[in-house]
Amino acid sequence: SFVRTRAKGVLDTVVDTLEGIGPVLGINMERSVTIVAYNNYRDMSRSLPFRSQSVSESLQTEGQAWPTERVVVVLMSGSSYKGVVSHEITHILVGEASGKGYASVPAWLNEGLAEYGNLDPTPDYSRALAYGVYTRRIKPLWYLKEFSGNPDEIIISYGQSSSVVRYLVDVYGKDKMADLMSTLQETLSIDKAMTNVYGFDQHGLDTEWRYAIGLE
């Protein structure tokens with residue numbers, strides 16, 4: 001049946017995501033995760049946190065993860081469900097990798113890692129990053145502890161975060177990212193953890209990344 005086939009697809013996606021992002025985070029999934037699948041957005045929306053009307057109308061949530069509770073909800077009616085599942089499962093894995101330091105994981109790192117683990121990434125974020133560069137709306141990393149603003153700014157933040165995390169992993173390697181996750185459990189500070197592992201904090205990374213993509 002369709003439901004059984006789609007459920008098998010979700011399970012396969014979780015396994016593939018773990019194989020891909022696990023070495024980056026330095027973990028294996030040792031505890032179970034509950035995945036709740038919805039057939040339509042109206043039903044799923046009742047389980048989601050409140051967001052402003054303008055954001056809700058412009059950005060429809062297709063998945064949500066609660067790492068502490070180890071629960072993921074996903075919208076199964078779309079063709080991109082594998083991307084949604086892998087993105088949200090990565091959030092769970094980031095929570096597991098950072099442990100008690102999870103509260104210190106800024107949104108740019110959390111969402112950037114989730115997109116790094118995405119098995120079916122959307123080109124929308126790359127386009128949003130290019131748009132943000134063109135319109136000079138790229139924020140300093142330390143402004144991205146949480147994503148806020150209008151829908152355009154939020155999408156730009158996703159694009160920026162994805163690019164920054166990919167830069168970190170590509171230039172400094174997967175082992176360093178795994179070290180960052182474990183170090184966060186000790187420092188409970190992103191800047192201290194980054195300095196210990198990479199030798200620079202968010203300010204230093206922001207400068208390096210901007211230079212790498214041709215920004216001032």
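Arg 137, Ile 138, Lys 139, Glu 153, Ile 156, Ser 157 and Gln 160 line the largest cavity. The model is predicted, so local features need pLDDT of at least 70 and side-chain atom pairs pLDDT 80 or more, while totals for chains, interfaces and linings use all residues. Residues are numbered from 1 along each chain as its sequence is written, and side-chain values use heavy atoms, without hydrogens or water.

How many cavities of 30 Å³ or more does the structure hold? There is one. A cavity here is a set of points on a 1 Å grid over the protein atoms alone where a 1.4 Å probe fits but cannot get out; lining residues have an atom within 4 Å of a point. The volume of the largest cavity is about 30 Å³, counted as the space filled by probe spheres set on points joined across faces, edges and corners. Its lining has two nonpolar, two polar and three charged residues. Charged means Asp, Glu, Lys and Arg; nonpolar means Ala, Val, Leu, Ile, Met, Phe, Trp, Tyr, Cys and Pro; the others, Gly among them, are polar.

Turn now to the largest pocket. It holds about 1,500 Å³ of space. Lining it are 43 residues, and those closest to its centre are Gly 63, His 87, Glu 88, Glu 111 and Tyr 158. A pocket is an open set of points with protein on both sides within 12 Å along at least five of seven lines. Which elements give two or more residues to this lining? They are strand 2 (63-66), helix 4 (81-98), helix 5 (107-116), helix 6 (124-134) and helix 7. Helices (H or I, at least four residues) and strands (E, at least two) are DSSP runs numbered from the N terminus. Helix 4 provides the largest share of the lining, five residues. By class, the pocket lining splits into 19 nonpolar, 14 polar and 10 charged residues.

Strand 2 leads on to the sheet. This is an open sheet of three strands, in the order 1-3-2, with mixed pairing. Strand 1 (34-38) and strand 2 stand at the edges with a single partner strand each, so one side of each has no neighbour in the sheet. Strands pair if DSSP finds at least two bridges between them. Strand 1 runs parallel to strand 3, with five bridges joining them. Tyr 38 stands opposite Leu 75 in strand 3. Strand 2 runs antiparallel to strand 3 (residues 71-75), joined by four bridges. Here Ala 65 has Val 72 as its bridge partner, and Gln 64 stands opposite Val 73. The hairpin of strand 2 and strand 3 has four residues between the strands, and Arg 70 takes a positive phi near 55 degrees there.

Aromatic rings come last. Rings of Phe, Tyr and Trp (its six-membered ring) pair if their centres lie within 6.5 Å; planes under 30 degrees apart are stacked, over 60 edge-to-face, the rest tilted. By this rule there are five aromatic pairs. The rings of Tyr 172 and Tyr 198 have centres 5.5 Å apart and planes at 80 degrees, so this pair is edge-to-face. Tyr 172 lies in helix 7 (residues 151-172) and Tyr 198 in helix 9 (residues 190-198), so the pair ties together parts 26 residues apart in sequence. Tyr 198 is buried, at 11% relative accessible area. Tyr 172 is partly exposed, at 27%; that class lies between buried and exposed, which is over 50%. Ring pairs also link Tyr 125, Phe 147 and Tyr 158 into a cluster. Tyr 158 is also among the residues closest to the centre of the largest pocket.

Key. Buried means under 20% relative accessible area, exposed over 50%, partly exposed in between (1.4 Å probe, protein chains only).
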